[in-house]
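Please read it beside the sequence and the model.

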Amino acid sequence: MARRHYAFTTLLVVAVAVACLSFTDAKLAVNYYKKTCPRMEKIISEAVTSKQLSNPTTAAGTLRVFFHDCFVSGCDASTFISSNHFNKAERDADINLSLPGDAFDLITRVKSTLELECPGIVSCSDILALATRDLISMVGGPFYTVRLGRKDSLTSTASSTDGHLPLTNQTITEIIGVFQKNGFTVKELVALTGAHTIGFSHCKEYINRIHNYKHGGPNAFDPSMEPRYAKGLQAACAKWKEDPTIATFNDIMTPGKFDNLYFKNLERGLGLLATDQALFEDKRTKPIVQLYASNQTAFFNDFVYAMEKLSRFGVKTGRKGEVRRRCDAFNQIST
């Protein structure tokens, strides 16, 4: 009995240690830059507003970059590092090649302004976290608290993305596994996927749903899709091979507004990606989809909780990271 108690205690200690390593709170604070860079949030807010007004897809793009950055090795701006002859960086991993340039441009511009205001103080990872929060709020989503004090990563490799990001051809079971590996629940998975209420996806990501579905002929589509919707997508993606940049909105009803229409669409067979619609088909996720479809407040509350948790995932502090002078290069090689 004593041995069993010892084994349980050991496992508990290990679990707590892993949790502490994955979700860092101790050195993060809302007012982290209050004395060292007091105008930081105002500078970010102004840049975000200007960029979103000039390019309305910036919010969705930045939110996607934030997720891809955090979910791989933690919120550390490792996705911003450029590749060189010696290293293929995270940004050039196949799954990240479609990340929108507008998001990178926004963070780079903010960083340049902040380096003039308070050199070497504000990390790229903190800029990304705040910009994402401000953009979500700007397009109608919930406002939430962002603790600050992240350091930027000291490494970035394309291979690090393998198995750490959900894929559009995965089953719900596989995607749940990806999230659980990072300490996120099924409810948090559904809440974070609600980010698909804004943004778009390229035809290649769902072409198998709308053309020759299960080898049923060129016009065969996934029967879980609303027929008129499927035919509309077939028309929109008719020349996707000639032009792989062709894309359609994830939420056809309110594509530029952060709301719960994404979940209502799933109930109507209007999910764009196979993984979107599968959320409504799987018994583990369907009740959560139905809850969010009927109650936007519940969705917003759970989304805020999940985003605050995500923003603390794998954070580097102290000597485990650095404040880059440029977001696309480590300090030892930047000039």
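The points below go from the whole chain to single residues.

1. Basis of the note. The model is predicted, so local features are reported only at pLDDT of at least 70 and side-chain atom pairs only at pLDDT 80 or more, while totals for chains, interfaces and linings use all residues. Residue numbers start from 1 along each chain as its sequence is written, and side-chain values use heavy atoms, with hydrogens and water left out.

2. Secondary structure. The protein has 13 helices and two strands. Helices (H or I, at least four residues) and strands (E, at least two) are DSSP runs, numbered from the N terminus.

3. Overall dimensions. Along the principal axes, the C-alpha trace spans about 65 × 60 × 45 Å.

4. Burial and surface. Of the 335 residues, 50% are buried. Buried means under 20% relative accessible area, exposed means over 50%, and partly exposed is in between (1.4 Å probe, protein chains only). The protein exposes about 16400 Å², and carbon and sulfur atoms supply 57% of that area. Accessible areas come from the Shrake-Rupley method with a 1.4 Å probe; for residues, only the protein chains shown count as cover.

5. Contacts along the chain. Taking contacts between residues at least 6 apart in sequence, 73% join residues at least 24 apart. Contact means heavy atoms within 4.5 Å.

6. Charges. There are 40 positive and 33 negative charges, and their mean positions are 4 Å apart. Lys and Arg count as positive and Asp and Glu as negative; His and the chain ends are not counted. Each charge is placed at NZ of Lys, CZ of Arg, CG of Asp or CD of Glu.

7. A group of annotated residues. An unreviewed UniProt entry lists Thr197, Asp251, Thr254 and Asp259 under "binding site". These residues span 63 residues in sequence, yet no two of their C-alpha atoms are more than 9.9 Å apart, so they gather at one spot. UniProt positions are given in the numbering used here, feature names are shortened, and annotations may be inferred rather than shown by experiment.

8. Thr197 and Asp259. Thr197 is in the loop between helix H7 (186-193) and strand S1 (200-202), and Asp259 is in the loop between strand S2 (247-249) and helix H10 (261-267). Thr197 counts as buried at 0% relative accessibility; Asp259 is buried too, at 3%. Leaving aside neighbours within four places in sequence, the contacts of Thr197 include Asp251, Thr254 and Asp259.

9. Not counting residues up to four places away in sequence, Pro166 touches Phe67, Ile95, Ile175, Val178 and Phe179.

10. Where does UniProt place the feature "active site" (unreviewed entry)? The record gives His68, a residue of helix H3 (residues 58-73). His68 counts as buried at 8% relative accessibility. Leaving aside neighbours within four places in sequence, His68 is in contact with Thr79, Glu90, Ile95, Asn96, Leu99 and Leu165.

11. Thr161. Thr161 is in the loop between H5 and H6 and is buried, with a relative accessible area of 6%. Its C-alpha atom is separated by 8.2 Å from that of Ser73, although the two residues are 88 residues apart along the chain. Not counting residues up to four places away in sequence, Thr161 touches Val72, Glu90, Ala93, Ile95 and Asn96.

12. Backbone angles to check. Ala77 has a positive phi near 60° in a residue other than glycine; Asn212 also has a positive phi, near 55°. Ala77 lies in the loop between H3 and helix H4 (101-117) and is buried, at 0% relative accessible area. Asn212 lies in the loop between helix H8 (207-210) and helix H9 (227-236) and counts as partly exposed at 36% relative accessibility.
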